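Hi there,

Here is the structure I promised to pass on. Please have a look at it first, and then read my notes below.

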Amino acid sequence: MHYDLSDQYIPRSSVVHQLDPRVKVVATLAYIFSVGITPEGVWWAFCVQFAYLLIVILIADINFLYTIRRSFIIVPFVLAALAVPFTTPGLEWIRIPGLEWTITQEGLIRLGSILLRAWLAVQAAILLSATTPVPDMFWALSALRFPKSLVATIRFMYRYLFVLADEASRMLRARAARSPRIKGVTRPSMIWQGKVAGSMVGSLFLRSIERSERIYDAMLSRGYDGQMRSLIRFEMRNSDWIFIFSAGLCLGLVQVFAYLG
Amino acid sequence: MENLHYSYPDGKEALKGVDLIIQPGEKVALVGPNGAGKSTLILHLNGILDGDGEIRVCGMPVTKENLGQVRASVGVVFQDPDDQLFSPTVFEDVAFGPLYMGMAEEDVYQRVDEALIAVGMSGYEKRISHHLSGGEKKQIAIATVLSMEPEILVLDEPTAGLDPRSRRRLINLLNQLPQTMLVSTHDIPMVAELFQRTIVIDGGIIARDGSTQGILADNEFLEQHGLEAASPW
C-alpha cells in the first residue's frame, strides 16, 4: 500500500540527469510557456516542439514512449475544453441534429491547439520528474527564489500526501466493514450517505491538522527556526549554460517563425 | 521541574503541580494511565509547551532565549515516527538536527554516520523515509535525535506497536545508550528490565517516585492507578 510520488524518478547516468536542477526547472517552465503562447493552428510549430522533447528524452536514455504513456493523466482535465468547438464563432462545419449545436472549423482548430498544448506541457513535466530526484527539485525551486512558504507547502504535500491517502483508505475500509447489504432491507438515503461522506472528509481534515501540529512540534524539537536549510548544492557548469542557452534559442526561434508565418 | 502547572486551551487542566528532579546518567521510566499527563509533561521538557512553574534543564532555565540550547540538549522522540520523519530521505532527516544547530558540513555528515551506526542502520541514508517498516522507522526516528548528541533522551512510548523482534532490538539499543533517559511507556516488562527508578503520574500529579522494584511489588498501588505488574503480552 505504499504509493510514492518519488517513483517517477528514473535513475540513469545521462547528460540530462546530471544537469543542474535549476536549469531543468527553468527549461521546463520555459517550454511550457512557449508551447502555451504558440498561436493556434500553427501545427508545424507544435511538431517541432514535440521533436525537441523527443530529442531530450533520447539523450536522457529513457524509453521514448514513457512520457506519452503517462501523459494520458490529463484526459479528465481537458474534458472542459470539449465545449470549445461549440462556442467558438466562425465558419459552421457540422451541425448536431436535434440539438441545434454547431461545431465550427475555428473551434476545432482551437480545440486541437489546446489539446496539443496540454499534452506537450504535461510531457515536459513528466520528463522533468523522470530526470530529477525530488529533493533536488525542491532545492532548485528555493534556489530560484520561489516563495519559501510555497516550496515548504509542496515539500510537505509530497511527503504526506500518501500518508493522508492511507488514512482515508483506512476510514473507507472501516465504513465498508460496517455497511452490510441485507436483502429486503432498504438502503439508507442518498442524503444520509452524503452526510456520512461529508463528516469523513471533515474528520480527515481534522486529523491532518493535528498531525501537522505534531510534525511541527517534532521539527521544533530538532531546532527548526523557520528557515529551510539543506546540504544540497549545485554549481552551474558549462554544460548547464550551454543547455539553457540552446533551449532558449530553439524555443525562441519556433516562436518567431510561428508568429511571422 | 518545580510545581509545574499546565492547562490546555480547551480548559483541561493537565498538570497540577509536578515536582521532579532527575540526575545526570539516571534512567527513569514514566508510567501512568492514558490521560495522566505524561505527554504534556514531556512537551514541557523541550519548551514546546509553556506552563506555569519552573523548569531547568542541564542547569539552564527553559526560557525563550535559550530554547535552541535546550532543544539541542534534550532529544525528544515522539510516539508516531511518521510525525518525525518529515524529510524526503533518511539522510536528510537525520541531518536535520545538526544542520539547524549550525554545524559545518563535514561535521553534519559525520554525525549522521555516527547516529545511524548507533541504531544499527548504516546504509539506510538514501532510503525514502515512508518506505520503511514500523520498527525501522522507530529506529531512524531515534537516530534523528541522536545526531544532535543530546545529554538527555526523552522517549514517548517507544515500544508501542512493535513486534517482539523489533521491540527486543529497541530495548537492547536503549540499554546501550549512555544518555540520561526519561521514557514514558505502558510496557511494564521493559520498565522492569531497564529502569531502576519509576515515576507514576496520575491525574496530573506524581503519585509515586521511587525504585521500580518497590513500585511493581505494590499491587494495591498499581491497581489504584490503572497499572498492572505484568504486561498484556
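Let me start with A:Tyr9, which lies in the segment before α1 (21-37) of chain A. Helices here are DSSP runs of H or I with at least four residues, and strands are runs of E with at least two, numbered from the N terminus.

Before going further, a word on the source: this is a predicted model, in which local features need pLDDT of at least 70 and side-chain atom pairs count only at pLDDT 80 or more, while totals for chains, interfaces and linings use all residues. Residues are numbered from 1 along each chain as its sequence is written, and chains are lettered from A and ligands numbered from 1 in the order in which they are written.

Leaving aside neighbours within four places in sequence, A:Tyr9 is in contact with A:Ser129, A:Ala130, A:Pro133 and A:Val134; contact means that the C-beta atoms, placed from the backbone, lie within 7 Å. By comparison, 46 Å separate the C-alpha atoms of A:Tyr9 and A:Arg95, which are 86 residues apart along the chain.

A:Val134 turns up again in the helix packing of chain A. Together with A:Phe138, A:Leu141 and A:Ser142 of α7(A), A:Val134 meets A:Lys148, A:Val151, A:Arg155 and A:Tyr158 in α8(A). The axes of α7 (residues 134-143) and α8 come within 9 Å and cross at roughly 170 degrees (axes are lines fitted to C-alpha atoms, for helices over the stretch in contact, with angles from 0 to 180 degrees between N-to-C directions). The two helices are therefore roughly antiparallel to each other; that word is for angles over 145 degrees, while under 35 is roughly parallel, 65 to 115 roughly perpendicular and the rest oblique.

On to the next pair: α8 (residues 148-177) and α9 (residues 190-221) of chain A have axes that come within 11 Å and cross at roughly 140 degrees. That makes α8(A) oblique to α9(A). From α8(A), the contact is made by A:Leu164, A:Glu167, A:Ala168 and A:Met171, and from α9(A) by A:Met200, A:Leu204, A:Arg207 and A:Ser208.

Chain A is also split into domains: an automatic or database assignment gives domain 1 (7-144 + 233-260) and domain 2 (148-221). Their centres, taken over C-alpha atoms, are 34 Å apart. Each domain gives 4 residues to the contact between them.

Now for chain B. In the contact of the two chains, 29 residues come from chain B and 22 residues from chain A. Which elements give two or more residues to the chain B side? They are α2 (67-73), α3 (81-84), α4 (90-100) and α5 (105-118) of chain B, and α4(B) gives the most, with 6 residues.

Finally, helix α1 (residues 38-45) of chain B is largely enclosed by the rest of the structure, because 7 of its 8 residues are buried. Among them are B:Leu41, B:Ile42 and B:Leu43. Just after α1(B), B:Gly47 takes a positive phi of about 75 degrees.

Best wishes

Terms used. A residue is buried if 20 or more other C-beta atoms lie within 10 Å of its own, exposed if 12 or fewer, and partly exposed in between; C-beta atoms are placed from the backbone.
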